[in-house]
Amino acid sequence: MIFDKPTSVDLLAAINHFLDTKIKSEVPPHLAFKLRIVENVLNIVIREIEKGDELSNEVINLLQSLMESDTPSVETLALLIKEEKIDLEDQDLKDLLVTLSKNKIAVDNPNYSTFKKLIK
Amino acid sequence: MTEELSKALQNKLLEVNIEGKILNLVPLTGGASKEIWKFEVQTNHETNEYILRKGSGIEGPLAIKTSDEALLQQEVRKIKAPVPEIVAVSSLEEALGDSYIMKFVEGESIPRKVLRDAEFKDALPLLAFQCGEAIAKIHEVDVSKLDYLQEKTPIDQLNDLYVTYESFNQPSPVFEYTYLWLKDQDFGDTQSSLVHGDFRLGNIIVSNLGLESIIDWELAHIGNPFQDLGWICGNSWRFGHNEKVVGGFGELADLLRGYNSISQFQVDEDLVRTWQVFGTFRWGVICLIQASAHLNGSVNSVEKAAIGRRVSETELDIADLLFLGGK
């Protein structure tokens with residue numbers, strides 16, 4: 001990357017801090033609720049920038065060994081399942097679906113109760 | 001804008017002989033798709049509190065018209081199930097739009113408050129049984145009078161959800177797996193009933209005595225009644241209280257004791273679990289629908305955009321239920 005600091009994550013974090021410390025106390029209750037959603041969205045983007053590659057690569061590697069393909073993708077796996085061209089009882093498939101779901105939620109909402117339960 | 005709304009409310013209320021001054025008209029935190037306003041009407045003798053529930057006129061593919069919700073609530077009241085009293089109904093063409101006015105019911109609907117505040121501490125242990133009873137009552141409504149509702153078998157509904165999911169062109173291995181799994185399940189032998197479609201904390205009003213009122217009927221339809229039992233057990237509706245299977249506050253055994261104490265159909269835990277997977281898939285598709293309204297440009301809403309990233313919650317819940325022994 002050729003860009004100067006602050007990084008994109010720094011910038012987003014600064015916006016979040018501003019909303020949290022300066023704006024939150026100024027808005028009526030029904031907007032405070034929406035403001036919380038805005039802050040959550042910013043946090044999703046921050047986590048995706050920070051961890052997205054690593055979480056995706058882990059799934060792509062698993063897909064590669066499961067599908068024995070050079071161009072594995074989530075879309076192709078979805079198609080294989082749809083057409084029942086893969087053994088639905090295969091433990092590796094089930095494990096992969098669990099990892100895929102966990103890695104997505106690690107960005108989307110790491111506070112989600114099922115995720116917290118599963119990583120305990 | 002509030003002034004205009006106030007005027008429209010006043011005119012509508014005049015039609016049902018309620019004449020008075022509209023006071024304290026404030027928006028409440030509602031769902032993502034409806035406006036909810038609270039207001040008071042001051043007459044010569046008294047001041048009464050009301051709620052306006054207003055749709056945009058553009059409903060999602062699963063939702064009914066707001067004015068039909070009102071008709072339905074009136075029907076449900078006849079069998080003495082707890083729902084707020086409807087005062088007036090407005091159609092899309094009128095100044096008030098597709099909406100209705102109902103009497104305000106004292107209590108709390110915000111899930112996190114119900115689960116957290118000391119006021120509801122004694123009510124929570126009773127709530128699962130009461131919800132079971134209320135759901136059984138809903139299922140007793142005479143469906144022959146509800147011709148504005150669609151009737152769908154579980155398989156019709158499942159196929160509709162799948163076609164909707166497919167239309168968004170965002171292939172999900174977990175949803176493909178779930179669809180195949182659900183197609184093979186037994187959904188329970190029963191007769192077509194009124195299904196609330198979204199019975200959970202957030203859509204019920206709770207007081208310190210427990211369940212007071214059932215609100216938000218926009219996902220109502222006619223179908224297999226057990227759907228309502230599985231829905232409230234979905235982890236999405238436990239609001240962080242994963243260990244309490246029913247709505248984040250109760251045990252499945254209590255919900256079923258309440259249900260089976262009234263219903264002519266007897267339900268066991270395995271059947272509820274199948275419906276829990278169905279409900280979780282359904283919520284995942286509803287999230288996709290909501291997000292698509294933002295993505296296709298019909299609305300610009302950060303709420304709707306954000307909900308697209310909640311689909312993964314439902315995928316993880318299904319993976320937990322199907323592969324990891326989750327409850």
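**Briefing on the predicted model**

In this model, helix α4(B) passes α8(B) in a right-handed crossing. The model is a predicted one.

- Helix α4(B) covers residues 124-138 and helix α8(B) covers residues 252-262.
- Their axes come within 6 Å of each other and cross at roughly 35°.
- On the side of α4(B), the residues that meet α8(B) are A128(B), F129(B), Q130(B), C131(B), G132(B), E133(B), I135(B), A136(B) and K137(B).
- Their partners in α8(B) are D254(B), L255(B), L256(B), R257(B), G258(B), Y259(B), S261(B) and I262(B).
- Sorted by class, this contact has nine nonpolar, four polar and four charged residues.

**Overall form of chain A**

- Chain A contains five helices and zero strands, and its pattern along the sequence reads α-α-α-α-α.
- Chain A is more spread out than a compact globule, because its radius of gyration is 19 Å, well over the 14 Å that the globule rule gives for 120 residues.
- Taken along the principal axes, the C-alpha atoms of chain A fill a box of roughly 55 × 40 × 30 Å.
- Of its 120 residues, 19% count as buried.
- Among contacts in chain A with a separation of 6 or more, 58% involve residues 24 or more positions apart.

**The contact between chain A and chain B**

- Chain A gives 33 residues to this contact and chain B gives 27 residues.
- On the side of chain A, the elements that give two or more residues are α2 (29-67), α3 (74-82), α4 (91-108) and α5 (113-119).
- That side of chain A has 19 nonpolar, six polar and eight charged residues.

**The pair α4(A) and α11(B)**

- Helix α11 of chain B spans residues 311-323, and its axis comes within 9 Å of the axis of α4(A), with a crossing angle of roughly 150°.
- The crossing of α4(A) past α11(B) is left-handed.
- From α4(A), the contact is made by K94(A), L97(A), V98(A), S101(A), K102(A), K104(A), I105(A) and D108(A).
- From α11(B), it is made by S312(B), E313(B), E315(B), L316(B), A319(B) and F323(B).
- By class, the contact of α4(A) with α11(B) has six nonpolar, two polar and six charged residues.

**Domains of chain B**

- The domain assignment divides chain B into domain 1 (2-103) and domain 2 (111-323).
- The centres of these two domains, taken over C-alpha atoms, are separated by 25 Å.
- Domain 1 of chain B gives 19 residues to the contact between the two, and domain 2 of chain B gives 26 residues.
- The side of domain 1 that touches domain 2 has 13 nonpolar, three polar and three charged residues.

**Buried residues of helix α6(B)**

- In helix α6 of chain B (residues 173-183), the buried residues are P173(B), V174(B), F175(B), E176(B), Y177(B), T178(B) and L182(B).
- The cover over these buried residues includes α3 and α4 of chain A, together with α5 (154-167), α9 (269-295) and α11 of chain B.

**Backbone features**

- Most residues other than glycine have a negative phi, and most peptide bonds are trans.
- The peptide bond from K5(A) to P6(A) is cis, with omega near 5°, and P6(A) lies in the segment before α1 (8-23) of chain A.
- E84(A) has a positive phi near 50° and is not a glycine; E84(A) is located in the loop between α3 and α4 of chain A.
- E84(A) counts as exposed because it has 10 C-beta neighbours inside 10 Å.
- N24(B), also not a glycine, has a positive phi of about 50° and lies in strand β1 (residues 21-28) of chain B.
- N24(B) counts as exposed, since 10 C-beta neighbours lie inside 10 Å.

**Surroundings of E40(B)**

- E40(B) is placed in strand β2 (residues 35-42) of chain B.
- With 16 C-beta neighbours inside 10 Å, E40(B) counts as partly exposed.
- Leaving aside its neighbours within four places in sequence, E40(B) contacts L23(B), N24(B), T47(B), N48(B) and E49(B).
- V26(B) is 14 residues from E40(B) in sequence, and the two are 9.8 Å apart in space, C-alpha to C-alpha.

Definitions and conventions: Residues are numbered from 1 along each chain as its sequence is written. Chains are lettered from A and ligands numbered from 1 in the order in which they are written. This is a predicted model: local features need pLDDT of at least 70, side-chain atom pairs count only at pLDDT 80 or more; totals for chains, interfaces and linings use all residues. Helices (H or I, at least four residues) and strands (E, at least two) are DSSP runs, numbered from the N terminus. The radius of gyration is taken over C-alpha atoms; the globule rule is 2.2 Å times the number of residues to the power 0.38. A residue is buried if 20 or more other C-beta atoms lie within 10 Å of its own, exposed if 12 or fewer, and partly exposed in between; C-beta atoms are placed from the backbone. Two residues are in contact if their C-beta atoms, placed from the backbone, lie within 7 Å. Ala, Val, Leu, Ile, Met, Phe, Trp, Tyr, Cys and Pro count as nonpolar, Asp, Glu, Lys and Arg as charged, and the others, Gly among them, as polar. Axes are lines fitted to C-alpha atoms, for helices over the stretch in contact, and angles run from 0 to 180 degrees between N-to-C directions. A crossing is left-handed if the near helix is turned anticlockwise from the far one by less than a right angle, and right-handed if clockwise. Domain bounds come from an automatic or database domain assignment.
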